[in-house]
Amino acid sequence: MELNDSSVMSNRSAVRIDALTGLREEAEFVGEGDERLFALRYTPPGALTAGVVVCEPLLAQFIAHYRTGTVLARLLARHGLAVQRFHYRGTGNSDGSVDSLDLDSMTEDAIAAAERLKEATGVERVAYLGIKIGGYPAAAASQDGGELILDSPPLTGRIYIRNAFRSHAVVMMQSGVPTASTAELQQALQETDDVNLLGCRLSKHLHDSLESRTLTDQLGDTPRRTLLIASERAGELKPEAKELQALLEERGFDVSITVRAKEDPLWYVEHSAPEDRPETHQVANAIAGWMNLESNREAERSSTHA
Amino acid sequence: MPDAPVVTTRSEKPVYFSSGDETLFGILTEPVVAPRGVAVILIYGGGHNVSAHVGQLWTRMARRVAADGFHALRYDHHGNGDSTGRAEVFDHRTPFVDDLKAAVSYLQEHEGIPAVVFVGDCLGARAALVAAPDLPGVKGLYMMSPMVYDGRMGKEDEWAESYSTGHYIRRALQWRTLKKLTDPRLRRAALRVATSKLKKVTRTASKAFGRSAPAASEAGVEVSSNFLVPLEQVAARRIPINWVFGSTDSERRGEFDAALAGPLARLWENAEGVWEISEVTGRITVHPDLSAQNDLVEDLAGWLQRIDPVS
C-alpha cells in the first residue's frame with residue numbers, strides 16, 4: 001500500500017497531510033503589512049483544545065535547533081496539540097531586516113503567531129514555548145493570558161551574548177579558523193555596528209536590546225502557570241535552573257519542572273539524526289502531560305515517527 | 001546602475017514536492033520583472049540546515065535573482081528543515097541527488113519552468129555536479145567552495161584527522177571510553193570515527209607505497225572519480241560553471257588550484273570562456289563570513305547576467 005503524503009498548494013500557502021498520522025502541516029506567510037512572518041502550523045486530526053506557540057532561538061542556535069524543533073512540533077501535534085512555529089522578522093524565510101530585529105519585534109511576532117494560531121484552529125488556550133533566548137519573547141508575550149514553557153533560557157541577555165561569543169570562538173578554533181576573542185568581538189561591535197557569529201549577523205541594535213534585559217524584565221508581574229525544562233549536573237538541577245525556579249516562585253508563579261535527560265548542544269549542529277534523540281521525545285511527553293493531554297491518542301506511539 | 005527592486009514574501013510561496021517516499025519543503029520566489037523561464041535552485045551542504053540557510057543567505061540570494069527575472073527555489077533535503085525523512089550522514093559520495101532531481105521535476109511539471117541553474121554550497125555543490133549530467137535543462141552551475149575529493153564532511157572525519165592513531169588507541173583502552181560505548185548513539189559515532197581514521201591511514205599508506213587511491217591522482221593531487229566523471233560530462237555539454245571560493249579559504253582553494261594544474265588541466269583548457277573562478281571576501285567554509293555572504297549575493301547576480309541563461 002502506498003502511503004505518500006498528500007499536499008495542497010495555493011498561491012500563498014501549502015499544506016501537507018501526513019499519510020501515516022493524518023497530521024496537517026500548513027506553511028504560509030502571516031500578516032497584512034509590509035513585513036510578514038513565515039509560519040508553519042501543525043494540527044492533528046480531530047477536535048483541538050489547546051495550542052503551543054514555539055519561540056525559536058536566535059543566531060546560530062536557530063539553525064542548530066531547527067530540525068529538533070521540527071521533530072518536537074510533530075510530536076506535540078501527535079499528542080493532540082496545535083503547534084505554531086514561525087521565523088522572527090529579519091530571520092529565516094520571513095520579511096524584514098535583521099537591522100530591526102530586537103526583543104520587542106520578537107515579542108510582537110510571537111503575539112502575531114499566537115493570534116494566527118487561534119484564528120486558524122479556534123483554540124483559546126495557548127502556551128508559549130520559549131527555547132533558549134526564545135524564552136524572552138515567550139515570557140513577554142505570555143503576560144497577556146498565556147501559559148509559559150521555558151526551555152533553558154539564559155537569566156540575562158548579557159549571559160546569552162557572552163555564550164554566543166564564546167561558542168563562536170570554540171567552533172572556529174575547533175575548525176582551525178583564526179578567530180577574535182570575546183573582547184575583540186565586543187570592540188568590533190562598537191566600531192562596526194555588527195559582528196559575525198557563526199555565519200549570523202549580531203547587530204549592535206540587537207546586542208543592545210539583549211544586553212539591557214533580563215528574563216525577569218520579560219516575565220512581568222502577573223503570576224501564571226509555567227513549565228521549566230531544565231538540565232541537571234551531578235544529579236542536581238543546574239544552578240541557573242534553581243535560580244530561575246526561585247525567581248518565578250517568589251513572584252507567585254505556579255512552577256513545574258521537567259529534567260531533560262540530555263542537554264541539547266544548541267550552539268552546534270549534531271550530525272546524528274534529530275529523530276533519534278530520546279530527549280526530544282521526553283520533552284514532548286512532558287509538555288503534553290503538563291497541558292493535561294495525557295489521554296491523547298498517539299502519545300505512546302509518538303517515538304517511532306516524526 | 002539602478003538598485004534592484006526589493007523582493008519580499010509577496011512574491012513567494014511555500015511548496016511541497018515528493019522525492020521518493022519523502023515530502024520536501026521549499027519556498028519558491030517568483031520574479032518581479034519579466035520572467036526569463038529559468039529557475040535558480042539553491043542547495044545547501046552538510047549538517048542539518050534550513051531552507052533559508054545560515055544568515056538567510058539563500059533567502060537573500062533568491063530575492064536578489066528574482067529582481068532580475070529568475071525564479072528561485074530554496075528547499076530542504078529529506079531529514080532537514082521542514083521536510084520529512086531522516087538524515088544523519090552527510091557524505092560526498094551520496095550527496096542528496098534524488099532530492100535535487102525532485103526539485104527540478106517539481107519546477108518543470110508544476111511551475112512550467114524548463115531551465116535551471118544550480119547554486120550549491122559544499123556538499124550541495126557536489127549534488128549539483130552529480131545531478132547535472134542527467135538533466136538537459138541545466139544551464140549553469142554556481143559551485144561554492146566545492147571539494148574535489150570525497151569525505152571530510154562530518155564531525156567524525158574531522159575528529160579522525162585531528163589526532164594521531166596512537167591517540168585513538170590510547171583513548172579506546174580507557175575505562176571511560178568503554179563505558180560510553182554502552183550508549184548506542186555514541187557507539188555508532190565511535191565506529192564512524194574509527195572507520196574514517198582507518199580510511200585515512202589506508203590512504204596515507206597507499207601513497208607511501210606508491211599505490212594510487214581510487215581516484216585521479218597526479219602529482220599528489222587527489223580528485224575523486226565521483227567529482228571527475230560528472231564534471232567531464234558537464235564539460236562536454238559546455239555548461240557554464242562559476243567556481244567560487246572565499247579569499248581566506250586557502251586550503252579548499254589550494255586543493256582546487258592543484259587539481260586544475262593536474263587532473264583537471266585538460267578540462268580547464270577546453271572550458272575556456274565557459275568556466276570562471278570567483279573569489280569573495282572572507283570565508284565560505286565552516287560558517288560564511290558576513291562579507292562573504294554579501295559578496296556571494298551580488299557575485300551570483302553578476303554571473304547570471306554574464307552567462308544570460310535562457311530556457
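Contact here means heavy atoms within 4.5 Å. In this predicted model, the contact between the two chains takes 52 residues from chain B and 58 residues from chain A. Chain B and chain A bury about 4,200 Å² between them, and carbon and sulfur atoms account for 52% of that area. Two salt bridges are counted between chain B and chain A. B:Arg63 forms a salt bridge with A:Asp95, with a separation of 4.0 Å between the closest N and O atoms.

Within chain B, the axes of helix 1 (residues 57-66) and helix 11 (residues 290-307) come within 10 Å and cross at roughly 30°. Helix 1 of chain B is therefore roughly parallel to helix 11 of chain B, since angles under 35 degrees are assigned to that class. The crossing of these two helices of chain B is right-handed. On the side of helix 1 of chain B, the contact involves B:Leu57, B:Arg60, B:Met61, B:Arg64 and B:Val65. These residues meet B:Gln293, B:Asn294, B:Leu296, B:Val297, B:Glu298, B:Leu300, B:Ala301 and B:Leu304 in helix 11 of chain B. By class, the residues of this contact between helix 1 and helix 11 of chain B comprise eight nonpolar, two polar and three charged.

In chain A, helix 4 (residues 157-174) packs against helix 5 (residues 182-192) at an angle of about 115°, and their axes are 9 Å apart. Helix 4 of chain A and helix 5 of chain A are therefore roughly perpendicular to each other. Their crossing is right-handed. A:Ile161, A:Phe165, A:Arg166 and A:His168 of helix 4 of chain A meet A:Thr182, A:Leu185, A:Gln186 and A:Leu189 of helix 5 of chain A. Four nonpolar residues, three polar residues and one charged residue make up this contact of helix 4 with helix 5 of chain A.

A further pair in chain A consists of helix 1 (residues 59-78) and helix 9 (residues 278-290), which pack at an angle of about 40° with their axes 9 Å apart. Helix 1 of chain A and helix 9 of chain A are therefore oblique to each other. Helix 1 of chain A passes helix 9 of chain A in a right-handed crossing. Helix 1 of chain A contributes A:Thr68, A:Val71, A:Leu72, A:Leu75 and A:Leu76 to the contact, and helix 9 of chain A contributes A:Thr280, A:His281, A:Val283, A:Ala284 and A:Ile287. The contact of helix 1 with helix 9 of chain A has seven nonpolar and three polar residues, with no charged residues.

Methods: Residues are numbered from 1 along each chain as its sequence is written. Chains are lettered from A and ligands numbered from 1 in the order in which they are written. This is a predicted model: local features need pLDDT of at least 70, side-chain atom pairs count only at pLDDT 80 or more; totals for chains, interfaces and linings use all residues. Side-chain values use heavy atoms; hydrogens and water are left out. Axes are lines fitted to C-alpha atoms, for helices over the stretch in contact, and angles run from 0 to 180 degrees between N-to-C directions. Helices (H or I, at least four residues) and strands (E, at least two) are DSSP runs, numbered from the N terminus. Angles under 35 degrees count as roughly parallel, over 145 as roughly antiparallel, 65 to 115 as roughly perpendicular and the rest as oblique. A crossing is left-handed if the near helix is turned anticlockwise from the far one by less than a right angle, and right-handed if clockwise. Ala, Val, Leu, Ile, Met, Phe, Trp, Tyr, Cys and Pro count as nonpolar, Asp, Glu, Lys and Arg as charged, and the others, Gly among them, as polar. Buried area is the accessible area (1.4 Å probe) that two parts lose on being put together, summed over both. A salt bridge is a side-chain nitrogen of Lys or Arg within 4 Å of a carboxyl oxygen of Asp or Glu.
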